[in-house]
Amino acid sequence: MTTKERYKAVTEWFNANMPVAETELVYNNEFELLVAVILSAQCTDKRVNMVTPALFKAFPTPEKMAEAEVDEIFNYIKSVSYPNSKATNLSNMAKRLVSVYNSVVPQTMEELTTLAGVGRKTANVMMTVAFGKQAMPVDTHVHRVSARLGLTRNAKTPLDTEKQLVAGFPHNILGKAHHWLILHGRYVCTARSPKCLSCGLASVCKHHIAETKSKQA
């Protein structure tokens, strides 16, 4: 199977079996989504969704968060991973959002990545989820699943993975494909003990096919 054929097969399977694929983060506006995505770095969406209701109630706007002390923000997010650095990032992000962007979350990669705590992945998430642009955010799930399936080859970094996936998937479904790969990695193609026997993509998965041949040899 060629890489092009594998992309076609994967796309067709997901379209049939996961027609709706969206973020599992809970938010009401672009600012809340930005905060949630910053908090989700190396942390589960489930955990983030547990802390954000109280956080958003205390700091519902960029202005309110910008006015808060870092320790105040920390008290609301202390159960997520790296709470100290994330509290500092949220404070600095909110201050810049207020002072530079008039409290409006910007929509470009260049502008978003000037905000504290916002790297390429977070910016891509904002562009595709908040603003409906076609982008391919790459987290550990996307990196792992795309490599196992055979959608990427020798991708050493998230940017390598992003470039190959952007080239492989039709441009108009990049955002949805991002969620397909994340959700598949979260619930089926897990880092440890992937559920290959119940995976609908096993027949086209490069990793599974290679493992099966190895066991038969």
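1. How many disulfides does the count come to? The count comes to zero. Please keep in mind throughout that this is a predicted model. C205 takes part in no disulfide, and the nearest cysteine sulfur, that of C189, is 6.2 Å away; a pair would have to lie within 2.5 Å to count as a disulfide. C205 counts as buried, at 9% relative accessibility. C43 is buried too, with a relative accessible area of 17%.

2. On the overall fold: the chain has twelve helices and zero strands. Reading along the sequence therefore gives α-α-α-α-α-α-α-α-α-α-α-α.

3. Next, the overall dimensions. The C-alpha trace spans about 65 × 30 × 30 Å along its principal axes. For 217 residues, a compact globule would have a radius of gyration near 17 Å, and the chain's 19 Å agrees with that. Of the 217 residues, 47% are buried. The chain exposes about 11,300 Å², with carbon and sulfur atoms supplying 53% of that area. If we take the contacts with a separation of 6 or more, 58% of them are between residues 24 or more positions apart.

4. Leaving aside residues up to four places away in sequence, V35 touches L55, F56, M65, L90 and M93.

5. Is α8 largely enclosed or open? Eight of its eleven residues are buried, so α8 is largely enclosed by the rest of the structure. The buried residues are T122, A123, N124, V125, M126, M127, T128 and V129. Buried residues of α8 pack against α2, α7, α10 (158-168) and α11. After α8 comes G132, which has a positive phi, near 70°.

6. The aromatic side chains are worth a visit. The count comes to four aromatic pairs. In one of them, the rings of F14 and W180 have centres 5.2 Å apart and planes at 10°, so this pair is stacked. F14 belongs to helix α1 (residues 3-17) and W180 to helix α11 (residues 174-187), so the pair ties together parts that are 166 residues apart in sequence. Both partners are buried: F14 has 0% relative accessibility, and W180 has a relative accessible area of 0%. Together with W13, F14 and W180 form one aromatic cluster.

7. What are the ring geometry and the setting of F59 and Y76? Their ring centres lie 5.5 Å apart and their planes stand at 80°, so the pair is edge-to-face. F59 sits in the loop between α3 and α4 and Y76 in helix α5, so that the pair links distant parts of the chain, 17 residues apart. F59 counts as buried, at 6% relative accessibility, whereas Y76 counts as partly exposed, at 34%.

8. Finally, a look at G200, which is found in the loop between α11 and α12 (206-216). G200 counts as partly exposed, at 37% relative accessibility. G200 also brings us back to F14: the two are 186 residues apart in sequence and 9.3 Å apart in space, C-alpha to C-alpha. F14 itself, as noted above, is buried, with 0% relative accessibility.

Conventions: Residues are numbered from 1 along each chain as its sequence is written. Side-chain values use heavy atoms; hydrogens and water are left out. Contact means heavy atoms within 4.5 Å. Buried means under 20% relative accessible area, exposed over 50%, partly exposed in between (1.4 Å probe, protein chains only). Helices (H or I, at least four residues) and strands (E, at least two) are DSSP runs, numbered from the N terminus. The radius of gyration is taken over C-alpha atoms; the globule rule is 2.2 Å times the number of residues to the power 0.38. Accessible areas come from the Shrake-Rupley method with a 1.4 Å probe; for residues, only the protein chains shown count as cover. Rings of Phe, Tyr and Trp (its six-membered ring) pair if their centres lie within 6.5 Å; planes under 30 degrees apart count as stacked, over 60 as edge-to-face and the rest as tilted.
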